[in-house]
Structure formats: structure tokens, C-alpha cells
Amino acid sequence: MDNVTVDLHRDQAIGETDPRLFGAFIEHLGRCVYGGIFEPGHPSADARGFRGDVLALVRELAPTIMRYPGGNFVSGYDWEDGVGPAASRPRRLDLAWMSTETNQFGTNEFIDWCRLAATEPMLAVNLGTRGADAARRLVEYCNHPGGTTLSDMRRAHGWEQPHGVRFWCLGNEMDGPWQMEAKTAQEYGRVATEAAKMMRWVDPSIELAACGSSGRNMPTFGAWEDTVLEHSFDHVEFISLHTYINNYAGDTAAFLASPDLMDTFIDEVVAIADAVAVRRGSGKRIMLSFDEWNVWYRTRRTAAARTKPGWPVAPGILEEIYNVEDALVFGGACISLLNHADRVRAGCLAQLVNVIAPIMTETGGPAWRQTIFHPFSHFSNFGRGRVLRTRIQSPTYAASYFDPRGAQDLRFALPEVPYLKIAAVHDEQAGVLTLFALNRNLTEEMTLAVNAGGYAGLSVERALQLHDADLAAVNTRVDPQRVRPAALAGVRTEGSRLEATLAPASWNVIRARVSR
Ligand code: AHR
């Protein structure tokens, strides 16, 4: 049994979570769009072809912002292909995923779908095969009210009112050699700056995110952010981060420790962005958009999992099946994001349906929740509010995380990993303090004692736990509820002190009503 103490105080906050922290991502990739959110003829589909069963699960998951249309796909995408009468839209080869893109779903359908899903659209522009001109034209098509050829084209297509898309990504992973028309930091910094200028001239209300490195383990990480921000600092509000956590090594303890590297990554990008600000004598602070994050490794490295031969439409690729162990690590990543609420102001779980996703479907069949659905829905539904600083006294362990990127095999030493990873969020409106607690000890229970300063009293409203003796357990079409949270019994409070016993290898969410 581990004894762990956490001290926090109502008046000591890291920051308020931005509503955009709880986003997700839809790419034209595999069955994310076709057979995922959009499947005309499906028994649950509406007249527009939007699957109702998927929409119901999305509403439960509650993502607040949705990135679209890629991902690697966007770097070869002509947005004009996806608007106008569906029957006359072109079929194209997609070189990102070696598929055929039918363009039956495009920007306008995406906006309609977002409205139904009660989520804000986030659009990425193609800075690979296209550039600043196509980007500013897309902003005009989407956001200009009317009276110009492009805005009137949108109206003629059936969308009289402007879409009012606020958040725009300036390309995707432009540092990656796998990207169509990948760029050096100098090249990308220039094009991103010119695109940003023109896009904002079209609509001054938009917010812009420049591409950061496509991973912390890229050889150009650091130098890339520095150069890109040297160019674009005055023209963007955000820089992006991407992380896919793996367990190639089959080392569960290191896997559970690895979200701590997200904390490090965030701290490093903040330091670089602020160093650029200091060099310029600027008080402006660039915010972070963690616009791709998840666990992903089983369907990542092999060609067979990434592409199917014959240029198929909507092939079943990147359909990672998530188990209990993945859900725990995923919960750890949620905690990392919460604990940087001051600077990470947008985030997108990659992705939403079928492709490395919390929701799985069968084309023509049912939809169900993967294991990672549960921690995300807790994060999104209960993570709104002021994130409080926590001081943890916990036994620790040492881990070494293996991260093979390209030809390089990297190892990251994590010498002192606290068994407990925790975030505490105070929702002032609801009068509730939520604790998100991950017990990373694989064999020992944990007695958690939280001293919540500044509160007269706590009373437990709800407590949940995701724990399973079988870390490899998964949800499937035939057993969709095999892994789901259960009530966490025995949470005790006395005044402003809370005590709970957390099972080994468990994700726990405790909601306590607070009084002053
Ligand atoms: O999310 C899957 C892919 O991962 C995205 O297309 C790309 O941006 C990243 O490499």
C-alpha cells in the first residue's frame, strides 16, 4: 500500500481551462469521415448522411472544438473539390494515405455537422501543395458575408450565412518528410507568415496557429519552433504540438510514466516561445495548441496498417483497438493538459471515429465506445474551471521510455516518476472540486489523502474508477461495455480533507461539492 498526500489551496491556481482544450480531430483518413461520421444509407443517418448513433456518442464525449480536414491529408487538399453539387465533385488520389478521395463530404458538410455536434470548427489550410493564396480564398469563401465571387459561391452552394470559423491551423506537420511539400523552418516560417497576413486581412477576427514540430523527438525540435516564431510571431496566436504515446517496448510502467514527457514538452515549447518574445522585447505570449495527441503505436509503423493497396475509398486503416492500459495512459495525458491550462489553450484528441479513435463503428452496423472514450469524457465534461496547483508527496519509481522515430531509437530517462499523477479543477459555477487521479503503481493500492486548503468542507457528489484486473481488456462490437467506469466506493471526507483508496493501475475521478 502506498500512502500519498496532496496539498492544494483554493486560491492557488495554475489557470482556467479554455473551452477549446477539450477538442478532437476529424481527418479524411480511412473510415473517420466515410463510414464514421458520414454514411448515407446507414439506418441511423439523417437526410444529409450524418450518422445519428455516432452523433449521440460524440455529444456524450463532448469535444468542444473539431480540427478538420487533416492531418497529412490537408497538405494535398484542394478545398474547392469539396464544395458545390456533390454529384460533380472530383475523385482524387490522396497521397497522404494512398486512398481515393470522393469529396462527397467537404467544408460545408463539416460545418453543418459541427453545429449538430455542438462543437466549434477548427479548419486547417493546405500549406503543402497549395499556399497563402488558396488559404485566403478559403477564409473568404467561409467567412465573408457576401458580394464577392467566393462568398457568393458559398451562398449559391446553399449556405447563405457566413460560417464564422474563428480558429485556423496554418498547415500540418510541415517539418515531417512524410508531408506533401514538407518545408524547412525558414521556408515554412515565410509561407505561414504570408498566409496568416492575408487570411487576417480577409477576416480580422480569426485566430491562427503555426505548426510546431510534429513531435518532441524530431531532430529539428526546438530550432524549428524558434525559427518559425521568429518569422510569424506578430501574426499568430498559437503554436502547435503533437504527441503520440507508444508502448512498443511492452513496458507498462514506462508507458504509464510517459505522459510526464508531455509536461516536459509543453514546458520546453513555452520556454522557446517566450524566449522569442523576450528577444523582440514583446509582452505578447504565444499560446499552445496541442492539436494532435493520443496513444498510437499498433497501427503506426507497418505499411499494411497505414495503407491498403489499390487506392481504395475509406479503407480500414489506423483502426487501433484500445485496451485498459491505453486508457490509463490516456488519462495521464489528460492530466498533463489540465496542469498546463495557463498556456495550452487548445487541444485535439486525434482522432474522433475509427481512426485512432474513442468511437468505433461498423460500416452499416453499430457504433461503440473504446476504452479511451471514458477518460476523455471525464476530462471534457468535468475539466472546466480553475486548475489548482497540487503538491504531491508520493513514492516514486524509475522508468525509461522507448521512442523509435524513423531510423533513430530514442530512450528518455524518467528517474523519479510519482506513482500518483493528479489534477484538481475547481468549477466555481457548479461549486464542485474535481480530482483526476491516476494510480500508476501496477501492484499496490494507494491511500490518497488530499488537504484542500481554503475550503470549509467537501462532500463527495460522485466518484468513478476505471480499473480492470486485465490491462489488455478491450471493448468490441459484441461486448461494447466490457470496459467502463464503475463507482469508486469508500471516499471519505472530514472538513476539507478527503481520503480515498485507489486500486492499483486505476483512473479515478472524484467530484466533491465545496463550501467555504
Ligand atoms: O493523426 C494521424 C496523423 O498523424 C495525422 O494525419 C498527422 O498529422 C500525424 O502524423
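These legends walk through several close-up views of a predicted model.

**View 1. Helix α1 against helix α2.**
Here helix α1 (residues 52–61) packs on helix α2 (residues 107–117) at an angle of about 60 degrees, and their axes are 9 Å apart. The two helices are therefore oblique to each other. On the α1 side, look for Leu55, Val58 and Arg59; on the α2 side, the contact is made by Trp113, Leu116 and Ala117. Sorted by class, this contact of α1 with α2 has five nonpolar residues, no polar ones and one charged residue.

**View 2. Helix α1 against helix α11.**
Helix α1 also meets α11 (residues 373–382): their axes come within 8 Å and cross at roughly 55 degrees. This pair, α1 and α11, is therefore oblique as well. The contact of α1 with α11 divides into four nonpolar, three polar and one charged residues.

**View 3. Inside the largest nonpolar core.**
In soluble globular proteins, nonpolar side chains tend to be buried together. The largest nonpolar core of this model holds 172 residues, and those touching the most other members are Trp113, Trp168, Tyr188 and Trp293. Helix α10 (residues 324–338) gives the most to this core, with 10 residues. Zoom in on Tyr188 and, setting aside neighbours within four places in sequence, you will find contacts with Leu127, Leu170, Met174, Lys183, Ala210, Cys211, Trp224 and Val228.

**View 4. Cysteines without disulfides.**
How many disulfides does a search of the whole structure find? The search returns zero. For Cys142, the closest cysteine sulfur is in Cys114, and at 11 Å that is too far for a bond. Cys142 is buried, with 0% relative accessible area. Cys334 is in no disulfide either, since the nearest cysteine sulfur, that of Cys348, is 13 Å away. Cys334 also counts as buried, at 0% relative accessibility.

**View 5. Arg391 and its partners.**
Arg391 sits in strand β16 (residues 391–393) and is partly exposed, with a relative accessible area of 42%. Leaving out neighbours within four places in sequence, Arg391 is in contact with Thr5, Val6, Asp7, Leu8 and Gln12. Asn451 is 60 residues away along the chain, and its C-alpha atom is 10.0 Å from that of Arg391.

**View 6. Two cis peptide bonds in one loop.**
Most residues other than glycine have a negative phi, and most peptide bonds are trans. The bond from Tyr68 to Pro69 is cis, with omega near 0 degrees, and Pro69 lies in the loop between β4 (65–68) and β5 (92–94). The bond from Gly70 to Gly71 is cis too, with omega near 15 degrees. Gly71 likewise lies in the loop between β4 and β5.

Trp311, in the loop between α9 (303–306) and α10, has a positive phi, near 50 degrees. Leu318 is found in the loop between α9 and α10, and its phi is positive as well, near 55 degrees. Are these two residues buried or exposed? Trp311 counts as partly exposed at 35% relative accessibility, whereas Leu318 is buried, with a relative accessible area of 2%.

Notes. Residues numbered from 1 in each chain as written. Predicted model: local features only at pLDDT ≥ 70, side-chain atom pairs only at ≥ 80, totals over all residues. Heavy atoms only, no water. Axes fitted to C-alpha atoms, helices over the stretch in contact; angles between N-to-C directions. Helix = DSSP H or I, 4+ residues; strand = E, 2+ residues; numbered from the N terminus. Parallel < 35°, antiparallel > 145°, perpendicular 65-115°, else oblique. Contact = heavy atoms within 4.5 Å. Nonpolar A, V, L, I, M, F, W, Y, C, P; charged D, E, K, R; others polar. Core = buried A, V, L, I, M, F, W, Y, C linked by side-chain atoms within 4.5 Å. Buried < 20%, exposed > 50% of the residue type's maximum accessible area, 1.4 Å probe, protein only. Disulfide = S-S within 2.5 Å.
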